[in-house]
Amino acid sequence: MIKAPISDKELFDFINTLKDDQLQVFTAANGRLRGAIFHGTRFVNQLRLQHKLGILETYILGQACLCAGMTIPMMKDEEHVVIKYEGMGPAQGYSVEADSKGYVRGYLYEQNIPITKELDGWDLANFMGPGTLTFSRVHKDDKFPQSSTVEVCGANVALDFATYFAQSEQINTAFNSSIQFDKQGRVIGAGAMYIQVMPKTGGTAGDGGNKDSRDQDTEDDEKLITKIENAFKACPSLGLLYSENEVDNEDIVVGLFREFNPVITVTRDIIFDCPCSEQKFIDYLKTLPPDQLKEMKEDSKESIQIECRNCGSIYKIPVEKL
């Protein structure tokens, strides 16, 4: 990827005052609760610069990429996931990818979304519309991806991800993603979090009492899930929190889930990046039929320009390299 620099000095100076982008994985409730939280202000600014996006487009793709980043801690060994939303609204949808190595990339199907009236809040229903969300997972030794598709409403990216996990993975999962803009439309804070309540295993019937112990286990489990859900819903806007630069990931996790004794287990970097390169495109062009390649070289004369749709990088490949 050809990394686009921040040319806005005010934004550059502000971002440098913030804590580093980091993802931290945590567990709580004796292992029943697991999750991760990601400070991604630089991450969202980078994807915006790469694709030269407006505010609405940044909000949609930023949310999708933040949530895609949340799937990385769930991955086992070497894994790559492609997440595609195909909707009926003018935004049409998006394609984002996350890799166990720690990078995320992606693009909008429509990078200049038509807006016919003033935005009223951040309900995306009028832009995304109802559609389908497809996860395609590829593990190291897989010959073909394992794909699953669910129908989602399209009004909220984080809710769409939660819907997918509830229906396809059948795990109690919640997502929270947030992007904070200043009055000039700059991204000054961004982040995401997910939690999963893992199913309880084991358990036996009671010893002849009036109430089966399994009934008690179920009741206790429902109470635990309700308490965790309430704690998660109490989370303020992550984008706003990160823009204020007064708390870090651990402060937020402890503040929300103190009752469940949370423990940070892993800290890692997640970046918006793409493994594309000039050489990869040269190798691809050389696989084209000779007549087609000859025609491209004749039309282009000195260089062939190719844009990577996943990261917006533009490569000008000299024809003599082909």
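Which residues have the most contacts inside the largest nonpolar core? They are Phe 43, Ile 60, Tyr 94, Leu 133, Phe 161 and Phe 175, in a core of 68 residues. A nonpolar core here is a set of buried Ala, Val, Leu, Ile, Met, Phe, Trp, Tyr and Cys residues joined through side-chain atoms within 4.5 Å, and buried means under 20% relative accessible area with a 1.4 Å probe, protein chains only. Helix α3 (residues 55–70) gives the most to this core, 10 residues. A second, separate core has 22 residues, among them Ile 37, Leu 224, Leu 256 and Phe 257.

The model is predicted: local features need pLDDT of at least 70, side-chain atom pairs count only at pLDDT 80 or more, and totals for chains, interfaces and linings use all residues. Residues are numbered from 1 along each chain as its sequence is written, and side-chain values use heavy atoms, with hydrogens and water left out.

As for confidence, pLDDT (the predictor's per-residue confidence, from 0 to 100) averages 90 over the protein, and 93% of the residues score at least 70. Where pLDDT is low, the predicted coordinates should not be read in detail.

Back to Phe 43: leaving aside residues up to four places away in sequence, its contacts (heavy atoms within 4.5 Å) include Phe 38, Cys 65, Leu 66 and Val 104, along with Ile 270, Ile 271 and Phe 272.

Next, the sheet. Helices (H or I, at least four residues) and strands (E, at least two) are DSSP runs, numbered from the N terminus, and two strands pair if DSSP finds at least two bridges between them. Five strands, in the order β8-β9-β2-β1-β10, form an open sheet with antiparallel pairing. Its edges are β8 (172–181) and β10 (263–268), each pairing on one side only. Strand β1 (residues 22–28) is joined to β10 by 5 bridges, and Phe 26 has Ile 264 of β10 as its bridge partner. Helix α8 (residues 249–257) packs on this sheet and touches β1, β2, β9 and β10.

Elsewhere, β12 (residues 303–307) and β13 (residues 314–318) pair antiparallel over 5 bridges, with Ile 304 partnered by Ile 317 of β13. The covered face of β12 holds Ile 304 and Ile 306, while Ser 303, Gln 305 and Glu 307 sit on the uncovered one. In a regular strand the side chains alternate between the two faces of the sheet. The hairpin has 6 residues between its strands, and Gly 312 there takes a positive phi near 80°.

Technical notes: Axes fitted to C-alpha atoms, helices over the stretch in contact; angles between N-to-C directions. Buried < 20%, exposed > 50% of the residue type's maximum accessible area, 1.4 Å probe, protein only.
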